[in-house]
Amino acid sequence: MRYSQALIPTRKENPVDAELPSHRLLMRAGYIEQLTAGIYTLMPLAWRCVQKIERIVREELNAAGAQEILLPMVQPAEIWQLSGRWDHYGKELLRFQDRKNQDYCLSPTHEEGVTDLAKRHIRSYRSMPINLYQIQVKFRDELRPRGGLMRGREFIMKDGYSFDVDYENAEKAYKRMYDAYTRIFKRCGLSFRAVEADSGNIGGSHSHEFQVLAQTGEDRILSCSKCGYAANEEKAEVKRTVSVTSFSPDAATPAREEVYTPGQHSIDEVTTFLKAEPNQSIKTLVYLADGKPVVILMRGNDNLNEIKLQRVLDCEQLVMASDTAIEEVMGSKPGSLGPCGCTLPIYADLNVAMMHDCICGANHTDYHFIHVEPGRDFNVKAIEDLVLAQEGDACPHCGEPLQAFRGIEVGHVFLLGTKYSVPMGATYLDEKGDSHPCVMGCYGIGITRVLAAAIEQYNDENGINLPAAIAPYHVILAPLQLRSETILNTTEKIYDALQKAGIEVLYDDRDIRPGVKFKDDDLIGVPYRITIGEKNLANGKVEFKHRSDKDAQLIDVDKIVEFVKEKIAADIANVQP
């Protein structure tokens, strides 16, 4: 492609509303154009990258035995009502009515659609295993779309689904997809971690996220360098020294005493005032679980993991109670709350079970209790693992300190089980003629998000710097003196030879100053550049430079095509950083 004929509308200035590097660079490099909030046109450079990502995905999934289909984006309400998600998915699900006043939605995910398809065609155990996937535009009506392609309302997603006769075979399908995803992200040239994750509103028994490592990532992941354990912050476990279901009061603790703590409300304020440490205090939180108030107890220096709490409470909705609701059910404002005398259901984290001679609120504004003894001064409904893991906490497998990273979720695999097959009637007959629900897996990749995540990982002060496997072109051909017949003839010959060799080349034939040309070339993220100038060409050489290298190499003109071909082949074959 000749640059003069390409649609690459680069910009000098950053868009004012773009906060993430990928959003700024995608706009500046002419990869995307915003149509409206959270909805973007993919320009030619972005579309070439997306097609390469899709090709890698297709090759790996087809090799793993999956079959590609295309499900309707518009889906009737009936199948979502069968699954139970029509009323629970939230406002991200765009609902509408047709001219006959029938309810439909723009499907943001296709568990319902594919389960309905399976219900129609899977009859017996002989029909399985089966693994289906699609690559399709999706729509989620995000309240605050942000980050360009990172969290838009319209995006391209690969979603796949497996159907098996039992959990043993479903686990095998899950492992095949996990391995395929690992190969996909390696081939894309991304530095990533596969981490244990919460299944969220998709559901299922367990899942893994594939997180691209980037300082700008909105997800926090914790991993162990010794044993390889890795998990999303929401899922990460911590090794505890005890596992208890009840308190063991210490008889040596003095009787509970109420003390005046004027104006002291936070954990730090109260413990400083009482000359104690935060880990000696009990943090008392009030939540509404499906509208019903519950009290949560944490050690003062710990943070609550709401995902863990929601699993323990087995509730659909979990929200922190407002100050008004707290005062109504506890008789005190936040800042002086405590479990003593509380009649609400109380759930305590395991660390609270190890506490003795504690501090807590007295449920009386500006007063706290000292010498509080769990099991003597209050009891709880249950003691559970509720803590949010932090860097430095002990790995649950080997006990080594966990390390924290920032990540961008680009893929997610779920073992769904029968969450959708049971309510939607996707069943099969076994050898004896008995009916059973299909056991399902679910596997997603955000195709356009992979591109954004790659740019978050591969950028510098000059612009985008993508791996060759997913870059829009392999090489830029940049002649410096366009009025020189010798340079133009040589450039045309190299251009033709590169294309015949299967190398994707962007010929920068614009008659502009070299400095401007090089700035644009660096901005758009093509890995290699061949520069043809009179001085080097007089010696039979051209200049070859990798986008991230400081210095260029001089290569013989008659050897440049083979040299580039070998370089690119090596890059694509060894893409894992």
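## Strand pairing

Two strands pair if DSSP finds at least two bridges between them; strands (E, at least two residues) and helices (H or I, at least four) are DSSP runs numbered from the N terminus. The model is predicted, with pLDDT of at least 70 needed for local features and 80 or more for side-chain atom pairs, while totals for chains, interfaces and linings use all residues. Residues are numbered from 1 along each chain as its sequence is written, and side-chain values use heavy atoms, without hydrogens and water.

Strand β21 (residues 403–417) pairs with β24 in the antiparallel sense over 6 bridges, and H412 stands opposite G444 in β24. Strand β8 (residues 154–164) is also antiparallel to β24, with 8 bridges; here K158 stands opposite I445.

## Burial of β24

In strand β24 (residues 439–446), 8 of the 8 residues are buried, so the strand is largely enclosed by the rest of the structure. Buried means under 20% relative accessible area (1.4 Å probe, protein chains only).

In a regular strand, side chains alternate between the two faces of the sheet. One side of β24 has V439, G441, Y443 and I445, the other M440, C442, G444 and G446, and all are buried.

## Cavity

The structure holds 1 cavity of 30 Å³ or more. A cavity is a set of points, on a 1 Å grid over the protein atoms alone, where a 1.4 Å probe fits but cannot get out; lining residues have an atom within 4 Å of a point. The largest cavity contains about 50 Å³ of space, the volume being that filled by probe spheres set on the points, which are joined across faces, edges and corners.

Its lining consists of I476, D521, D522, V526, Y528, R529, K545, H546 and R547. At least two lining residues come from each of α13 (514–523), β29 (528–532) and β30 (541–546).

Key: 1 Å grid on protein atoms, 1.4 Å probe; cavity = no way out; pocket = protein on both sides within 12 Å on 5 of 7 lines; lining within 4 Å. Buried < 20%, exposed > 50% of the residue type's maximum accessible area, 1.4 Å probe, protein only.
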